Amino acid sequence: MCGIVGYVGKEEATKILLDGLTKLEYRGYDSAGIAIRNKSEDLRIVRAEGVLKNLIDKVNALGDIKSTSGIAHTRWATHGDQSERNAHPHSSNDNFIVGVHNGIIENFQELKEKLLHNGYTFYSNTDTEVLIKLVDYYYKKYKGGPIDAINKVMVRARGSFAIALMFKDFPDEIWFAKKGSPLIVGKSDTGCFLASDIPAILKHTNKVYYVEDFQSGCMKNNSIIFYDLNGDDVTSSMELKTIDWQLSDTEKGNYPFYMIKEIEEQPKAVWACLNVYTKNDLVDFDSIGITKGYLKSLDMVYILGCGSAYNVGRVSECIIEELTDVGVRVELASEFKYRCYKLKKNSLAIIISQSGETKDSYEALQKCKEEGIKTLSIVNVKGSAIPRAADYNIYTYAGPEIAVATTKAYSSQLIIMYLFALALAEAKGDISQSEMKTYIKELKALPDKMESILSNKASVQKFANQFVSKKDVFFIGREMDYAICEEGSLKFKEVTYIHSEAKPAGELKHGTLSLVTTGVPVIVVATQPELIEKSMANMEEVKSRGANVIAITLEEFNVSNSSKYQIYIPKTNKLFTSSLVIIYLQLLAYYVSIAKGINPDQPRNLAKSVTVE
Ligand code: AGP
């Protein structure tokens with residue numbers, strides 16, 4: 001989704017805003033823009049199509065600019081193409097009000113007709129131009145000041161939005177409002193900042209307020225005032241939070257791309273989770289408030305998420321089923337909201353999300369709450385919307401994840417779900433404490449095994465070139481191996497733009513096999529001892545159609561006759577092989593992506609957190 005940033009203060013606003021946008025570019029890179037003002041001088045608006053660099057070049061071409069306040073935006077197009085005409089900031093025709101917006105206005109057409117009827121004209125196809133002109137309409141019609149106009153818009157416009165506005169009448173003041181989309185504001189000694197996400201302002205402050213839905217406010221003269229929907233000042237009720245991320249966590253360092261940096265950070269991220277949520281080699285969820293008694297009472301677990309978060313659920317389902325008799329249902333959050341089946345009593349809904357802002361997952365959580373089901377969120381971004389709405393929260397300590405294709409957050413979520421499954425099984429009496437200790441020791445050996453894989457990345461890079469010209473690639477496996485193939489295929493598609501599919505290995509012969517011809521790469525994940533013979537039969541099946549079979553397996557399974565290439569993962573408990581297989585699949589996607597000259601951090605048409613339905 002889009003990224004917005006705003007600043008007012010003593011420092012050079014243009015530099016702070018453009019810096020902030022570079023940290024938000026993972027939220028959208030279709031176009032970008034900035035509106036700046038030097039004290040009460042006129043506003044300057046600069047917009048550019050495409051990646052942020054185009055905007056930075058345009059601003060630099062303007063020479064030395066003085067500015068004390070401004071707002072900026074990087075766009076992920078939802079309404080209107082990626083052209084400069086649709087780039088933000090958008091403004092009223094007289095530039096009286098200028099604004100940037102993250103979100104979607106669902107009734108923008110109806111509002112546009114209302115404004116057209118009142119003499120407004122439009123230069124773009126965006127919902128945002130309508131939103132800004134609606135503020136202008138209420139501001140000029142009712143003369144109740146910015147908050148009155150903004151609050152009227154908050155009620156009248158349906159959908160989600162976080163907006164930052166500049167009013168001609170109020171130099172050196174930035175106004176903001178939130179409903180559904182993320183918005184934080186912070187302060188330093190030299191000024192006030194607002195942004196869609198923490199990395200944009202972490203360089204200047206690690207003290208932030210999380211703006212609540214239907215709140216608005218104003219930043220001026222080093223002060224921030226918050227208002228509610230009645231226009232009352234609610235600043236005293238706002239809590240200033242401290243962010244425990246370091247600026248260096250948001251930097252690429254010596255890495256060419258964030259994706260490979262974050263792939264390499266997985267051992268550390270997994271360790272961090274194990275350190276926080278285990279004690280004496282036993283699972284410790286006390287700090288979260290989830291008791292053994294509560295786990296014992298559960299008959300059903302729903303796991304909800306989108307994309308890779310959903311894929312974590314798919315692997316977890318296999319492990320919970322393997323260890324306990326508790327019912328598990330994994331659902332795509334975007335579908336779950338519209339399913340009609342009644343949620344079972346004595347159940348827990350687990351909502352998995354890296355960003356904690358994914359709209360579909362947030363709505364799925366709300367549905368569970370409406371049906372009286374307890375909710376547990378597993379999230380990487382503290383203070384985001386989903387954990388603020390959930391009954392229980394488990395944070396993954398993966399640190400800021402910037403690359404659009406998730407890697408370290410996926411691996412951390414997987415570890416948390418392993419711990420959840422073990423705690424559930426122990427509470428249910430399906431495993432003993434000493435068995436749990438054995439499993440935990442096995443988990444604590446994973447980071448070193450991940451390191452050993454990462455120390456031999458060349459073993460994957462050598463395959464990359466043979467994929468570059470491919471049109472189709474298949475990832476197949478059985479049961480849990482199929483579940484990890486789903487994540488492998490998603491990663492591959494996201495950053496290589498090559499069509500790939502994950503299929504249950506036994507399902508190919510029922511149709512998909514028609515697509516397997518000479519030279520088609522088929523990655524077969526075969527790590528489950530009880531299924532190895534079946535998986536080898538599937539290797540033979542595709543090999544006989546001319547496929548290039550790459551087997552990801554264990555050394556003890558002799559698959560060399562059934563596959564062209566073999567990748568052996570370090571030995572680990574069969575429940576945890578996914579955590580090692582995924583490293584190879586992420587590296588494959590990464591190396592094929594850069595072999596194709598693609599920027600794996602910003603795959604086309606995608607964004608890091610999807611805050612619209
Ligand atoms: C994964 O690489 C993608 N970025 C995407 O599928 C992502 O997993 C999905 O949008 C869910 O995001 P979340 O974990 O932030 O909720």
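This is a predicted model: local features need pLDDT of at least 70, side-chain atom pairs count only at pLDDT 80 or more; totals for chains, interfaces and linings use all residues.
How many nonpolar, polar and charged residues does the lining of the largest cavity have? By class, there are 13 nonpolar, six polar and eight charged residues.

The largest cavity has a volume of about 220 Å³. Its lining counts 27 residues. Nearest the centre of the largest cavity lie S196, D197, S355, E357 and V381. In total, the structure holds three cavities of 30 Å³ or more.

Next comes the second largest cavity, with a volume of about 70 Å³. Its lining consists of C2, R75, W76, T78, H79, H88, H101, G103, T126, D127 and T128. Two elements give two or more residues to this lining: β6 (97–105) and α4 (127–142). By class, the lining of the second largest cavity divides into two nonpolar, seven polar and two charged residues.

The peptide bond from H88 to P89 is cis, with omega near 0°. Most peptide bonds are trans. P89 sits in the loop between β4 (69–75) and β5 (90–91).

The largest pocket holds about 440 Å³ of space. It is lined by 23 residues, and the closest to its centre are C306, G307, S308, K608 and V610. Four elements each supply at least two residues of this lining: α9 (307–323), β19 (347–353), α11 (359–370) and α17 (480–496). Which of them gives the largest share of the lining of the largest pocket? That is α9, with three residues. The lining of the largest pocket has nine nonpolar, eleven polar and three charged residues.

Most residues other than glycine have a negative phi. E479 has a positive phi, near 55°. E479 is placed in the loop between β22 (472–477) and α17. Its relative accessibility is 34%, so E479 counts as partly exposed. N605 also has a positive phi, near 65°. N605 is found in the segment after α19 (578–595).

For a residue on the inside, look at T375. T375 lies in strand β20 (residues 374–379). Is T375 buried or exposed? T375 counts as buried, because its relative accessibility is 0%, and the cut-off for buried is under 20%. Leaving aside residues up to four places away in sequence, T375 touches L348, A349, I351, L365, C368, K369, A389, A390, D391 and Y392.

The structure holds 23 aromatic pairs. Y392 and Y294 form one that is tilted, at 5.7 Å centre to centre and 45° between the planes. This pair links distant parts of the chain. Y294 is in helix α8 (residues 292–297), Y392 is in strand β21 (residues 392–395), and 98 residues separate them. Y294 counts as buried because its relative accessibility is 16%. Y392 is buried too, with a relative accessible area of 14%.

Another pair joins F463 and Y565. Why is the pair of F463 and Y565 edge-to-face? Their planes stand at 75°, and planes over 60 degrees apart count as edge-to-face. The ring centres of F463 and Y565 are 5.0 Å apart. This pair, too, links distant parts of the chain. F463 is in helix α16 (residues 458–464), Y565 is in strand β26 (residues 565–568), and they are 102 residues apart. F463 counts as buried at 3% relative accessibility, whereas Y565 counts as partly exposed at 24%.

Some rings gather in a group. Ring pairs link F96, Y139, F167, F170 and W175 into a cluster.

Charged side chains also meet rings. Where does K133 lie? K133 lies over the face of F122, at 4.9 Å from the ring centre. R329 lies over the face of Y341, and here the figure is 3.8 Å from the ring centre.

Methods. Residues are numbered from 1 along each chain as its sequence is written. Side-chain values use heavy atoms; hydrogens and water are left out. Buried means under 20% relative accessible area, exposed over 50%, partly exposed in between (1.4 Å probe, protein chains only). Contact means heavy atoms within 4.5 Å. On a 1 Å grid over the protein atoms alone, a cavity is a set of points where a 1.4 Å probe fits but cannot get out, and a pocket is an open set with protein on both sides within 12 Å along at least five of seven lines; lining residues have an atom within 4 Å of a point. Grid points are joined across faces, edges and corners, and a volume is the space filled by probe spheres set on the points. Ala, Val, Leu, Ile, Met, Phe, Trp, Tyr, Cys and Pro count as nonpolar, Asp, Glu, Lys and Arg as charged, and the others, Gly among them, as polar. Rings of Phe, Tyr and Trp (its six-membered ring) pair if their centres lie within 6.5 Å; planes under 30 degrees apart count as stacked, over 60 as edge-to-face and the rest as tilted. A charge sits over a ring if NZ of Lys or CZ of Arg is within 6 Å of the ring centre and within 35 degrees of the ring normal.
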